[in-house]
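Dear colleague,

I am passing on the structure below, together with some notes on what was found in it. Please have it open while you read.

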Amino acid sequence: MSRVAGSYGYIAPEYGYTMNITEKSDVYSYGVVLLEIISGRSAVEPQVGDGLHIVEWVKKKMGSFEPTVSILDAKLQGLPDQMVQEMLQTLGIAMFCVNSSPAERPTMKEVVTLLMEVKSPPEEWGKTSQPLIKQSSNLR
């Protein structure tokens, strides 16, 4: 491959010095997408905390005295506590995916397992909540 195929903001940082795309590079990109969904922000946009890349913005927010829930998209506020907790757990998985060390990132199979463990049974949802992901009987 003579050039990288991907979009700025989603390419794993190690590509800059290894010039190799691996499964762990894909996991990084997936983690960025999860962060976008959870925060309601784009990977790279000027208004993401002083122009920081979303990964750096989330790290900065997590290291501050602000509650971690402040990272979540404002549209998620007002959801039942159980669903907010699921989003915070998903945030943790996303941060695991964007670990600066490729060796420390999970495999996609591990990511799927972790995400499946986050989902709570329907009896734990608030009365007004809807499932975030409908599970298929074909998933294994």
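Is Lys59 buried, partly exposed or exposed? Lys59 counts as partly exposed, at 35% relative accessibility, where buried stands for under 20% relative accessible area, exposed for over 50%, and partly exposed for what lies in between (1.4 Å probe, protein chains only).

Before going further, please note that this is a predicted model, in which local features need pLDDT of at least 70 and side-chain atom pairs count only at pLDDT 80 or more, while totals for chains, interfaces and linings use all residues. Residues are numbered from 1 along each chain as its sequence is written, and side-chain values use heavy atoms, with hydrogens and water left out.

As for the overall picture, the protein has five helices and zero strands, these being DSSP runs numbered from the N terminus (H or I of at least four residues for helices, E of at least two for strands). Of its 140 residues, 34% count as buried. Among contacts (heavy atoms within 4.5 Å) between residues at least 6 apart in sequence, 49% join residues at least 24 apart. The accessible surface, computed by the Shrake-Rupley method with a 1.4 Å probe, comes to about 9,000 Å², and 55% of that belongs to carbon and sulfur atoms.

Helix H2 covers residues 23-39 and reaches 24 Å from its first C-alpha to its last, close to the 24 Å expected at 1.5 Å a residue, the expected span being 1.5 Å times one less than the number of residues. Its buried residues, among them Val27, Tyr28, Leu34, Leu35 and Ile38, pack against H3, helix H4 (81-97) and helix H5 (108-118). Just after H2, Gly40 takes a positive phi of about 75°.

The structure also holds two salt bridges, each being a side-chain nitrogen of Lys or Arg within 4 Å of a carboxyl oxygen of Asp or Glu. In one of them, the side chains of Lys59 and Glu56 meet at 4.0 Å, N to O. Both residues lie in helix H3 (residues 54-62), and because they are three residues apart there, about one helical turn separates them. Glu56, with a relative accessible area of 40%, is partly exposed.

The other salt bridge joins Glu66 to Lys61, with the closest N and O atoms 2.8 Å apart. Here Glu66 is partly exposed, with a relative accessible area of 37%, whereas Lys61 counts as buried, at 16% relative accessibility.
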